[in-house]
Amino acid sequence: MTMFDFFFRYFLVFPKILISGHWGILIGEIVSIFFLLAYLGSYRRISVSPLIVNYYGFVFYYVLLSSIITAFHFVFFPAHSILYFVRLIILFALFLWSKAYYQKVKSDRQLVEQVYNKPFLVHFTIGLMIMIAYYSTHSPSANEIMWGYEVGLRMIPLAGLIIDFDSFFFLKAISGSGNLLSGWALAVLIVNFNLEGQRPKKLAVMVAVTAVILTVSRGGFLTMALYLTYVFLRSFDFRLSIKTLVSIAVFGVALIAYFSFSEETPLPNIFNRLDITYQGGELDGSSQGRVDNYIALFKSWIGHWYYIFFGFGFDERAVWLATQQTVVESYFLQVLFCSGIIGASLLALFYLLAFVSRKKNFWFKCFWEFLIFQSFISWTITGGDFLAPHASYIFLTFLGFGFAKSLGKDSG
């Protein structure tokens, strides 16, 4: 196994090195730069799929061009958009690597195990060790567990944490989101449940489900529940034995009873958080903040025809100057508000191409399922990032493996 294979397989397990402020570079991104240089230096022809062309066409307008247009209007330099676009270009190495790696393995089962199951298990093990160490030394309160972001409070995605030798476990979270790790867990579930002729790897499924629960991510938990319900209904056998039905019923009743009546629940959990969200006839602070954010952005967006068609621009400075908001708490609304009808149309085309390609092979099918199930809650309501390293990794490797498999020959 080459060095590149190792770093790309464990891409999401390595943290980032801080550059300034909240900006940093992932160790995997540093490796990606060297991979791109080596690939281009070999003068190999680059072949791509229509989905990749559309993906980067959307990214070009949404992230870069929309901000450049707005920058001319407000007279500022869109540094955030330029750096973000460069990062996404660097991540193109994942697509090129996955095409080449497919030729070495050519087994969906082995790829699932090597590229998704094992790295996720390693991440889970490290994250669990950090949590155990933190709880043993800090004894966090219920409020800190449910609403805090410090390393160790929850299961946190390692990709994105900053190496900081003065912080707990030498890692620091400038911001943390269980939604990102839940997206990776969803991908693990999808590839395992779609392997033809293979039973899902029980350990991988159990670890993925447990990780989502430990993130205390409401959006991640509901997304996982939707997918598992879909899998159950898709493969439901009406000839289920009485023993199986009774087991399911007993487990369900016991789970409901425990979380409804137990006075000794050891830790705040996802069920507590979901309950708190809808108690008292009003939204909690986190949910209410999202609603206020949506309303303020919508008012600014419809205030000028230019914004409706071209958007505010992706750049943080552009969004602030146009709306006095620092962030858009929903990915789909961010696309609509920041890149207008043009950007939204390019994204819709991406979904259409993914839908058309879904029957080509295993990887395109997995890609479509990931895209559609993440769209229900994570990218619509909870703000899970479509362009974050976790989603980008899943997109680009799924598409790379799928494209290589569809070629059925050396893909260069």
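**Stop 1: two valines**

Select valine 216. This residue is buried, at 4% relative accessibility (buried means under 20% relative accessible area, exposed over 50%, partly exposed in between, with a 1.4 Å probe and protein chains only). Valine 216 sits in the loop between helix H9 (202-215) and H10. Helices (H or I, at least four residues) and strands (E, at least two) are DSSP runs, numbered from the N terminus. Check the backbone here: valine 216 is not a glycine, yet its phi is positive, about 55 degrees. Most residues other than glycine have a negative phi.

Before going on, two notes on the model. It is a predicted model, in which local features need pLDDT of at least 70 and side-chain atom pairs count only at pLDDT 80 or more, while totals for chains, interfaces and linings use all residues. Residues are numbered from 1 along each chain as its sequence is written, and side-chain values use heavy atoms, with hydrogens and water left out.

Now select valine 75. Its phi is near 60 degrees, again a positive value in a residue other than glycine. Valine 75 is in the loop between helix H3 (50-74) and H4. Is valine 75 buried or exposed? Valine 75 is exposed, with a relative accessible area of 70%.

**Stop 2: salt bridges**

How many salt bridges does the rule give? The count is three. The rule asks for a side-chain nitrogen of Lys or Arg within 4 Å of a carboxyl oxygen of Asp or Glu.

Select aspartate 5 and lysine 104. They form a salt bridge, with the closest N and O atoms 2.7 Å apart. The partners are 99 residues apart and link distant parts of the chain: aspartate 5 is in helix H1 (residues 3-9), and lysine 104 is in helix H5 (residues 92-105). Color by accessibility. Aspartate 5 is buried, at 4% relative accessible area, whereas lysine 104 is exposed, at 52%.

Next, pick glutamate 29 and arginine 87. In this salt bridge the closest N and O atoms are 3.5 Å apart. Glutamate 29 belongs to helix H2 (residues 27-41) and arginine 87 to helix H4 (residues 79-90), 58 residues apart. Glutamate 29 is buried at 4% relative accessibility. Arginine 87 is buried too, at 11%.

Finish with lysine 405 and aspartate 108. Their side chains meet in a salt bridge, 2.4 Å from N to O. This pair also links distant parts of the chain, 297 residues apart: lysine 405 in helix H19 (residues 389-407), aspartate 108 in helix H6 (residues 108-138). Lysine 405 is partly exposed, at 28% relative accessible area. Aspartate 108 is buried, at 15%.

**Stop 3: helix packing**

Show H6 and helix H8 (residues 178-193). Two packed helices are described by the angle between their axes and the distance between the axes. H6 and H8 pack at about 140 degrees, with axes 10 Å apart. That angle makes H6 oblique to H8. Angles under 35 degrees count as roughly parallel, over 145 as roughly antiparallel, 65 to 115 as roughly perpendicular and the rest as oblique. Axes are lines fitted to C-alpha atoms, for helices over the stretch in contact, and angles run from 0 to 180 degrees between N-to-C directions.

How are H8 and H10 packed? The angle is about 10 degrees and the axes are 9 Å apart. H8 is therefore roughly parallel to H10.

**Stop 4**

Then pick out isoleucine 17. It lies in strand S1 (residues 16-20) and is partly exposed, at 38% relative accessible area.

**Last stop: glutamine 324**

Select glutamine 324, in the loop between helix H15 (316-323) and helix H16 (331-357). Glutamine 324 is partly exposed, at 47% relative accessible area. Draw a C-alpha to C-alpha distance to serine 300: 9.3 Å, for residues 24 apart in sequence.
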